[in-house]
Amino acid sequence: MSTTSDNLPTILLAGPSGAGKTAFATLLERGRPAITHTSQVPLTIEVSLPVKTPVASSRFRSPNDPTWEVTKKLLIHDTPGHGKLRNHAMDTVRKPQNLQGIIFMVDAAALASDTSEGPRQTAEYLHDVLLQLQKQVTNSKGSKAWKEIPLLIAANKLDLFTALPATLVKNKLEFEITKARKSRSEGLLDSGVAAKDLDIGEERDWLGETGSGTFEFSQLEEFNIQVKILGGNVTGAEGSEVKQWWDWIGGVL
């Protein structure tokens, strides 16, 4: 990859296996999704925003400006979703060179299940990504300021009859993250430490508002972490519907 490409803004693509990440990445690159298999290694590709997708940083720049087209190029860093390979995504969050945003893709149909492990595993992975972002913010206070890295939860496969709409995906993930957060803190609580009495080090392992019984994404605004949930589908009988995701990407560049 060229030096020029290395300096392009980057969007991290994370999420559980089977959510449609690699199909989405190939759709962004080629204009159509490709048949994919479970990823074992990360993949970085260069893409360009669609002509009609605005770029936030270029809203005052004329299309006749020779640098205008450059602002519409970016890198998509697609990472494996298998539990043993998620370190690739976490390492990118810890060392966010040129990272402008994170797309956490979920299978909205799989989240509708109350019997499978999918919803729990998805929420635990998202919990860990958000907690790492929160730690980056808290650790940077008093030193070099941490730049805002927004996160989009892309609710994929909304073309399926069984898929949850974006609003219910939000509710489901908040419910499951509440349980994940509680289970992560059980060691402390079992030792007699109340959540409201956590010390500074322990607070950093608590996602969101310390001591809150129920997790809500809005709690992360305190840490300057903006979370948005938008629905769409990478594949489907009537084609792809990813305009909202493209618009979000343009809005963070």
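1. Let's start with helix α2 (residues 21-30), where Lys 21, Thr 22, Ala 23, Phe 24, Ala 25, Thr 26, Leu 27 and Leu 28 are buried. Buried here means under 20% relative accessible area, exposed means over 50%, and partly exposed is in between (1.4 Å probe, protein chains only). With 8 of its 10 residues buried, α2 is mostly covered. Helices (H or I, at least four residues) and strands (E, at least two) are DSSP runs, numbered from the N terminus.

2. Please keep in mind that this is a predicted model, in which local features need pLDDT of at least 70 and side-chain atom pairs count only at pLDDT 80 or more, while totals for chains, interfaces and linings use all residues. Residues are numbered from 1 along each chain as its sequence is written, and side-chain values use heavy atoms, with hydrogens and water left out.

3. What do the buried residues of α2 pack against? Their partners are β1, β2 (43-48), β3, β4 and α7 (243-252); contact means heavy atoms within 4.5 Å. Just after α2 comes Gly 31, with a positive phi of about 90°.

4. Helix α2 also gives the most to the lining of the largest pocket, with 3 residues. A pocket is an open set of points on a 1 Å grid over the protein atoms alone, where a 1.4 Å probe fits, with protein on both sides within 12 Å along at least five of seven lines; lining residues have an atom within 4 Å of a point. The space in this pocket is about 260 Å³, a volume being the space filled by probe spheres set on grid points joined across faces, edges and corners.

5. Which residues lie nearest the centre of that pocket? They are Gly 18, Ala 19, Gly 20, Lys 21 and Thr 36, out of 18 lining residues. The lining divides into 4 nonpolar, 12 polar and 2 charged residues.

6. Now look at helix α3 (residues 87-94), whose buried residues are Ala 89, Met 90, Thr 92 and Val 93. They are on the same side of α3 because they cover an arc of only 155° around the axis, taken from the directions from the helix axis to the C-beta atoms. These buried residues pack against β1 (10-14), β3 (73-78), β4 (99-107) and α4 (118-140).

7. The largest nonpolar core has 36 residues, and those with the most contacts inside it include Ile 102, Leu 130 and Phe 217. Its largest share, 8 residues, comes from α4. Apart from this core lies another, of 27 residues, among them Phe 24 and Ala 25. A nonpolar core is a set of buried Ala, Val, Leu, Ile, Met, Phe, Trp, Tyr and Cys residues joined through side-chain atoms within 4.5 Å.

8. Val 227, in strand β6, is partly exposed, with a relative accessible area of 23%. Leaving aside neighbours within four places in sequence, Val 227 is in contact with Leu 130, Leu 151, Ile 153, Phe 217 and Leu 220. From Val 227 to Phe 217 is 10 residues in sequence and 6.6 Å in space, C-alpha to C-alpha.

9. Lys 157 sits between β5 (151-156) and α5 (166-190), while Asn 224 sits between α6 (200-203) and β6 (227-231).

How values were computed. Ala, Val, Leu, Ile, Met, Phe, Trp, Tyr, Cys and Pro count as nonpolar, Asp, Glu, Lys and Arg as charged, and the others, Gly among them, as polar.
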